[in-house]
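Welcome! Take a look, and then we can walk through some of its features together.

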Amino acid sequence: MKTISENRSFGGVQGVYSHASDACGCDMTFGLYLPPAAAAGPVPLLWYLSGLTCTHENAMTKAGAQAWAAEHGLALVFPDTSPRGGDVADDEAYDLGQGAGFYVNATETPWAPHFSMWDYIAEELPRVLFNDFPLEEELQAITGHSMGGHGALTLAMTLKGRFKSASAFSPIAHPTQSDWGRKQLGAYLGADEAKWTAHDATLLMAEHGFDGPLLIDQGTEDQFLDLLKPEALSAAIAQRRQPASFRMQKGYDHSYFFISSFMEDHVAFHAEALYED
């Protein structure tokens, strides 16, 4: 693993690191914030999965999460959203290819050799983190934005017992019925729509639910509401009687101004779940 940078932040350290990924077949970069409490021993870990076009850097620099993580003694990891490099397949569209991994394992040409973001987030990056940093493996939570909200919710509902809590900002909530989903799932997983259902938060909620507390924030002025389909996920939550807070935030859009406005709430929400024992 290579250290790209380490900077003091709210008494802790915001680092950026790269490593050779077997899952993605290329070098991958991630940001990791360790709070001051990490100097005394392992701390809980909150995952933040970013959205379309983002790298590890967007949320790390724009979400304002480090101050609240330091206060609550939580580490934050900011993975990249896709494999990258000259030999990694890409597309001219912003919502497919590099920067748009969609947190799935691609099976189709030309994506399959590198686009294994599910395995990277679920298996490989955790091994790197828990081997090399003072993190408490039994205390994990997950959040994300847009495509990353989709990833956070699907991972949380699939990996039973992994995450103590889950949250999302403006998640792509029903991708099998949205142009932000059908295009990418078809490209990465093929035409058989039965293979897509494991990556749809609304369908997973209806079938499995989540075995912990859930928080979702969605702006009422989000310019992508028709693509996100929050009403479908809200209905599935209600039908399943899932313990959750689903908040429609008046006047907010899809930007990091929205995310940073409610980041304190999300970090505190996860801290309560992680420290409840």
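## Aromatic rings

Let's begin with a group of rings: Phe-169, Tyr-252, Phe-258 and Phe-262 are linked into a cluster by ring pairs. Keep in mind that you are looking at a predicted model. How many aromatic pairs does a search of the whole structure find? The search gives 12. One of them joins Phe-30 and Phe-133, whose ring centres are 6.4 Å apart and whose planes make an angle of 90 degrees, an edge-to-face arrangement. This pair links distant parts of the chain, since Phe-30 belongs to strand 3 (residues 26-34) while Phe-133 sits in the loop between helix 3 (117-132) and strand 6 (135-144), 103 residues apart. Phe-30 and Phe-133 are both buried.

Trp-111 and Tyr-188 also form an edge-to-face pair, with 5.5 Å from centre to centre and 90 degrees between the planes. Here, too, distant parts of the chain are linked: Trp-111 is in the loop between strand 5 (75-79) and helix 3, Tyr-188 is in helix 5 (residues 179-189), and 77 residues separate them. Trp-111 and Tyr-188 are buried as well.

## Cysteines without a bond

How many disulfides does the structure have? The count comes to zero. Cys-24 shows why: the closest cysteine sulfur, in Cys-26, is 5.4 Å from the sulfur of Cys-24, which is too far for a bond. A disulfide needs two cysteine sulfur atoms within 2.5 Å.

## The largest pocket

Now look for the largest pocket, which has a volume of about 170 Å³. Its lining includes Gly-51, Leu-52, Thr-53 and Cys-54, together with Tyr-94, His-145, Ser-146 and Trp-180. Phe-224, His-254, Ser-255 and Tyr-256 are also among the lining residues.

What kinds of residue make up this lining? There are six nonpolar residues, six polar ones and no charged ones.

Strand 8 (residues 214-219) is mostly covered, with six of its six residues buried. Both of its faces are covered: Leu-214, Ile-216 and Gln-218 are buried on one side, and Leu-215, Asp-217 and Gly-219 are buried on the other.

Which strands pair with strand 8? Strand 7 (residues 166-169) pairs with strand 8 in the parallel sense over four bridges, and Ala-166 stands opposite Leu-214 in strand 8. Strand 9 (residues 244-249) also pairs with strand 8 in the parallel sense, over six bridges. In that pairing, Ile-216 stands opposite Phe-246 in strand 9.

## A buried glycine

Our last stop is Gly-97, in the loop between strand 5 and helix 3. Gly-97 has a relative accessible area of 0%, so this glycine is buried. From C-alpha to C-alpha, Gly-97 and Arg-84 are 9.0 Å apart in space, and in sequence they are 13 residues apart.

Methods:
Residues are numbered from 1 along each chain as its sequence is written. This is a predicted model: local features need pLDDT of at least 70, side-chain atom pairs count only at pLDDT 80 or more; totals for chains, interfaces and linings use all residues. Side-chain values use heavy atoms; hydrogens and water are left out. Rings of Phe, Tyr and Trp (its six-membered ring) pair if their centres lie within 6.5 Å; planes under 30 degrees apart count as stacked, over 60 as edge-to-face and the rest as tilted. Helices (H or I, at least four residues) and strands (E, at least two) are DSSP runs, numbered from the N terminus. Buried means under 20% relative accessible area, exposed over 50%, partly exposed in between (1.4 Å probe, protein chains only). On a 1 Å grid over the protein atoms alone, a cavity is a set of points where a 1.4 Å probe fits but cannot get out, and a pocket is an open set with protein on both sides within 12 Å along at least five of seven lines; lining residues have an atom within 4 Å of a point. Grid points are joined across faces, edges and corners, and a volume is the space filled by probe spheres set on the points. Ala, Val, Leu, Ile, Met, Phe, Trp, Tyr, Cys and Pro count as nonpolar, Asp, Glu, Lys and Arg as charged, and the others, Gly among them, as polar. Two strands pair if DSSP finds at least two bridges between them.
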